Amino acid sequence: MVAGRRAGTKAGLSREQVFDAALDFVDTHGLPALSMRKLGATLGVEAMTLYHYVPNKDALLDGLVDRVMEVAFAGLDEPGAAWVPWMRDFAHALRRALLAHPGVLPLAGTRPVNSPDALRMSERWLAGMRAGGVPLGRAMDVVNVVAMFTIGHTLAEVGRTPGHEGSEPNLDDRADELDPAEFPNLTEVIATRAGLDFDSRFTEAIDILLAGYAALPPSSR
């Protein structure tokens, strides 16, 4: 009876369900708490069942990043001649997905996206940008710089240190300690919120990055 239930449960799972459950777990409990055993319990199966979908813990971590990227770029068209607006959409889609799953941010910044599906997606992006006149080396630079900035900006925006959530310093916490005579600009920032809007900062920075790349002279790279 138990074996039959396990087989039926296994047959009812999909790779997407496993990774979506892992994303929900990490969002709720944090990345350090994730294990195959705990994920299995969340799905109502034993850890061994998950090995039909994920060969090991490293593959699970890689798959979390891949899954976020899949969700982020599901509705993104292929780039072409108008590669600047495409890259803008790329950046905003990535930020939205990372904000929805902030627990994956440390992984997104340290683990390459190298699953077969992710590699095919990257190949299409590069082909599209080259068709739009961007040399291969520069296309790689643009995608990597925009992705790294987006990940770093979103990590700062979320403001969580893995394993130490809630202990992060905050400028507002120092408001009562700042002497306006010594720190007139910082006290004005705290009072007016000037320069503290993450949305406008991100949008402007991405536009500046892309405008800079678009203005570069042709390159053979």
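Reply: Happy to. One term to settle before we start: contact means heavy atoms within 4.5 Å. Also keep in mind that this is a predicted model.

Me: Thanks. With that term in hand, what share of contacts between residues at least 6 apart in sequence join residues at least 24 apart?
Reply: In the protein chain, 75% of those contacts join residues at least 24 apart.

Me: And how many helices and strands are there?
Reply: The chain has eleven helices and zero strands. Read from the N terminus, the elements go α-α-α-α-α-α-α-α-α-α-α.

Me: What percentage of the residues count as buried?
Reply: The figure is 36% of the 221 residues.

Me: Which element gives the most to the lining?
Reply: That's α9, with seven residues.

Me: How does the lining divide into nonpolar, polar and charged?
Reply: It has 16 nonpolar residues, five polar and one charged.

Me: While we're on α9, I was looking at Thr150, which lies in that helix. Is it buried or exposed?
Reply: Thr150 is buried, because its relative accessible area is 0% and buried means under 20%.

Me: So what does the side chain of Thr150 reach?
Reply: It reaches the backbone oxygen of Val146, at 2.7 Å.

Me: And which residues does Thr150 touch, not counting those up to four places away in sequence?
Reply: Thr150 touches Ala91, Leu94, Arg95, Phe202 and Ile206.

Me: Next one: where does Leu99 lie?
Reply: Leu99 is part of helix α6.

Me: Moving down the chain, which helix is Leu209 found in?
Reply: Leu209 is in α11, residues 198-215. With 24% relative accessibility, Leu209 counts as partly exposed.

Me: Which residues is Leu209 in contact with, leaving aside neighbours within four places in sequence?
Reply: Val145 and Phe149. There is also a C-alpha distance to look at: Leu209 and Val142 are 8.8 Å apart in space and 67 residues apart in sequence.

Me: How about a loop residue? Where does Asn114 lie?
Reply: Asn114 is in the loop between α7 (105-108) and α8. Its relative accessible area is 41%, so Asn114 is partly exposed.

Me: What is Asn114 in contact with, apart from neighbours within four places in sequence?
Reply: Asn114 has contacts with Asp66 and Leu119.

Me: Last topic. Where does UniProt place the feature "DNA-binding region"?
Reply: The UniProt record, an unreviewed entry, places that feature at residues 35-54.

Me: What does the chain look like over residues 35-54 in helix and strand terms?
Reply: That stretch is 60% helix and 0% strand in the model, and its end C-alpha atoms are 12 Å apart.

Technical notes. Residues are numbered from 1 along each chain as its sequence is written. This is a predicted model: local features need pLDDT of at least 70, side-chain atom pairs count only at pLDDT 80 or more; totals for chains, interfaces and linings use all residues. Side-chain values use heavy atoms; hydrogens and water are left out. Helices (H or I, at least four residues) and strands (E, at least two) are DSSP runs, numbered from the N terminus. Ala, Val, Leu, Ile, Met, Phe, Trp, Tyr, Cys and Pro count as nonpolar, Asp, Glu, Lys and Arg as charged, and the others, Gly among them, as polar. Buried means under 20% relative accessible area, exposed over 50%, partly exposed in between (1.4 Å probe, protein chains only). A polar contact is a pair of N or O atoms within 3.5 Å; within protein, one must be able to donate a hydrogen and the other to accept it, and residues adjacent in sequence count only if both atoms are side-chain atoms. UniProt positions are given in the numbering used here, feature names are shortened, and annotations may be inferred rather than shown by experiment.
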